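Q: Hi, could you walk me through this one? I'll ask things as they come up.

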Amino acid sequence: MATGALSDFAKPAPPNQDKRWRLVDATMRRLGQHPRGLIETLHTVQEAYGYLDEEALRYVATSLRVPLSRAYGVATFYHFFTLKPAGEHTCVVCMGTACYIKGAPQLLDTVKRDLGVKPGETTSDGKVSVLTARCLGSCGLAPAVVYDREVAGKVTPHGMREHLAQWKTP
Amino acid sequence: MTPEELEQISESEHEAQGKFAHRVNVCVAAGCLSCQSQSVKDALDKDITRRGWEGRCQTKGVGCMGLCAEGPLVSTDNGTMYKGVTAADAPEILDSVESSPIERLLCPTDVPFFQRQKKIVLENSGIIDAERIEDYIGSLGYGALIKVLTEMTPPEVIQEVVKSGLRGRGGAGYPTGLKWSTVAKAAGPAKFIICNADEGDPGAFMDRSVLESDPHRVLEGMLIAAYAVGASEGFIYVRAEYPLAIKRLRTAIRQAERMGLLGTSICGTRFSFRIDLRLGAGAFVCGEETALIASVEGKRGTPRPRPPYPAQEGLFGEPTLINNVETFANISPIIRNGGDWYAKIGTEKSKGTKVFALAGRVQNTGLVEVPMGVTLREIVFEIGGGIPEGRKFKAVQTGGPSGGCLPAELLDMPVDYESLARAGSIMGSGGMIVMDESSCMVDVAKYFMDFCMTESCGKCVPCRVGTYQMHRLLESITQLEGTPKDVALLTELCDLLKNTSLCGLGQSAPNPVISTMRSFADEYKAHVEERRCPAGVCGNHRNSEEPA
């Protein structure tokens, strides 16, 4: 699967001095600096920086010798990757089947009404990002919401409103 | 690692655990963890130190005990189980190990939910510590691997799996032994094993639970498969959304490598096998095997036409065996007890047990493992405890977005691959969502169509455009603006998608619509003829949501 002589290829330098690029480089090295390491590398970038921006996509694409279009294609194909920075807090509403029939749509309504944003958006003050998940696998706790990585179960619109209010106060 | 060494580890583990007079198990799988079970365990440990009971009572973080809705769950060595435990209950629980159980927290285990289950895949769940390989070895772990390496030839291993009658637990139910022998026969300089742990069906959490509760079991199954088909490298494709499962798998792989159970010349034989993780990134279509392969190769997860099947040309163009987590988890008991033993469980064509994630409008939500062939009624009403709040059962949905809704008339149907297919649903990976009269079946059909539309990879036109059009029709019906013509068009599109889509996603996307149209035709009729939703769900503002 070798594409051209490796000796001709000079890996670009990271975009800046940020130490987190070392983690990214380590992942690429572990996978042999090979195009097949693209998804794993993007995971590392997102874990380190929270999202994938153009600079990161360009760096990863050039380092792994894949066209930028392919890196962008992969980054936009998978729901897990995000090209925008998240807000200070995140609120993920699970839309799995069990949550759906136990009231997740009402929770989503609450978020929309209270924060004025739709899933995938961040409030204008950058405080809260609202996301939906296909299924968290916590169906026993339906409907489930993840507030800043903490799973909350059997959430009611009222309970949710209270939680969101906490975040709004500075 | 020799059989003797394994035996020795097992013995010293039994001895170490036997020193304690009492043991308290706390569930630390994701369900209970999100109800703060870690703080329960910490409180127990603290209280043990306070009492000076360090050598007397052991606490153990274990995997899923099944009844996820009642977490955090704690069990003690005298067979008592407690539910909804908090950190403040810790001293009382420790008091109870030497006296009578705490009535207030008691979770009865002599009920059908526990008694009617038959645990093979989940036999270690809730019993062993998933983060300690010694505990797994102490429960006969890796014994099957040693057995195949020292006593069996690869064809004998495959023969045993064929004899067991095991079928793929990912959903389609392809005979596992047949798949293995195809890969074994395929010629190639390298062969690969992939474990599909991209549990994408909404409402399914069996695989997550197995990975969190008993990761070594899956590694052992993969190792045995690799030996049988002649593979030297394996990947576990696991959802990035399952951080705990990923963490425990990484720990398990490291431990197995350190003990020489993974790596080069395993147990001093010529057999070598490595396992690496690949994280999925949230694409339902990657459950389809050719899309999954593309994703492991670092590409967009789009399927390709088959043949060639992955068994001939899979990962990096080499023969590849792809099985689901639960399939691999069945392997070591089959090798340990023999294929004939396994074949005695279940029905004529569907052998063994199946793990179901029971959720929705049902009393006992959680994970259950039952022999194939039990009826839906037994699962929903006996094991599941029926519908809460005195409401009426309406349907049970199996197979996720590729499955269907089964009405009350079919409750006495045995659960096996063929019966479910005949009823217009599929076994799927094992999600089982119970619905009561508060759910509108047209709305449910729309929900799944929305899912399929969002998850369509866009490669083939029938699926890309068809799911969009079907969703639009369902949207207008659930807004009570549809006409009988829309229903007729919907039926036509079902046929089109089923017959012309490239992969399973598109081919099965109409299933929720077809099955609800068949069993709940009157609900569709009420929507389009009387402009009325019998369940009172449709027609309100929230259905005007833009597709994502």
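Q: Which strands of chain B does helix α13 lie across?
A: Helix α13 (residues 289–296) of chain B lies across β5, β6, β7 and β8 of chain B, at about 100 degrees to β6(B). Such angles run from 0 to 180 degrees between N-to-C directions, with axes as lines fitted to C-alpha atoms, for helices over the stretch in contact. Two residues are in contact if their C-beta atoms, placed from the backbone, lie within 7 Å. Helices (H or I, at least four residues) and strands (E, at least two) are DSSP runs, numbered from the N terminus.

Q: Before we go on, what should I know about the model and the numbering?
A: This is a predicted model, where local features need pLDDT of at least 70, side-chain atom pairs count only at pLDDT 80 or more, and totals for chains, interfaces and linings use all residues. Residues are numbered from 1 along each chain as its sequence is written, while chains are lettered from A and ligands numbered from 1 in the order in which they are written.

Q: Thanks! In what order do β5, β6, β7 and β8 of chain B sit in their sheet?
A: The order is β7-β6-β5-β8 (chain B), an open sheet with parallel pairing. β7 (274–280) and β8 (320–324) of chain B are at the edges with a single partner strand each, so one side of each has no neighbour in the sheet. From one strand to the next, the twist averages 20 degrees.

Q: How many bridges link β5 and β6 of chain B?
A: Strand β5 (residues 192–197) and strand β6 (residues 233–239) of chain B pair over 6 bridges, in the parallel sense. Two strands count as paired if DSSP finds at least two bridges between them. Ile194(B), for instance, has Phe235(B) in β6(B) as its bridge partner.

Q: Switching to helix α23 of chain B: which residues are buried?
A: In α23 (residues 521–529) of chain B, they are Glu523(B), Tyr524(B), His527(B) and Val528(B). They cover an arc of only 120 degrees around the axis, which puts them on the same side of α23(B); the arc is that of the directions from the helix axis to the C-beta atoms. A residue is buried if 20 or more other C-beta atoms lie within 10 Å of its own, exposed if 12 or fewer, and partly exposed in between, with C-beta atoms placed from the backbone.

Q: And what do the buried ones pack against?
A: They pack against α18 (441–455), α19 (461–478), α20 (484–500) and α22 (511–519) of chain B. Ala521(B) and Asp522(B), on the other side of α23(B), are exposed.

Q: How many residues does each chain put into the contact between A and B?
A: Chain A gives 34 residues and chain B gives 40 residues. On chain A, α2 (38–49), α4 (68–77), α5 (97–101) and α6 (104–115) each supply at least two residues of the side touching chain B.

Q: Last one: how many helices and strands does chain A have?
A: Chain A has 7 helices and 4 strands. Strand β2 (residues 128–133) of chain A is mostly covered, with 5 of its 6 residues buried. β2(A) runs parallel to strand β1 (residues 89–94) of chain A, joined by 6 bridges, and Cys94(A) has Ala133(A) as its bridge partner.
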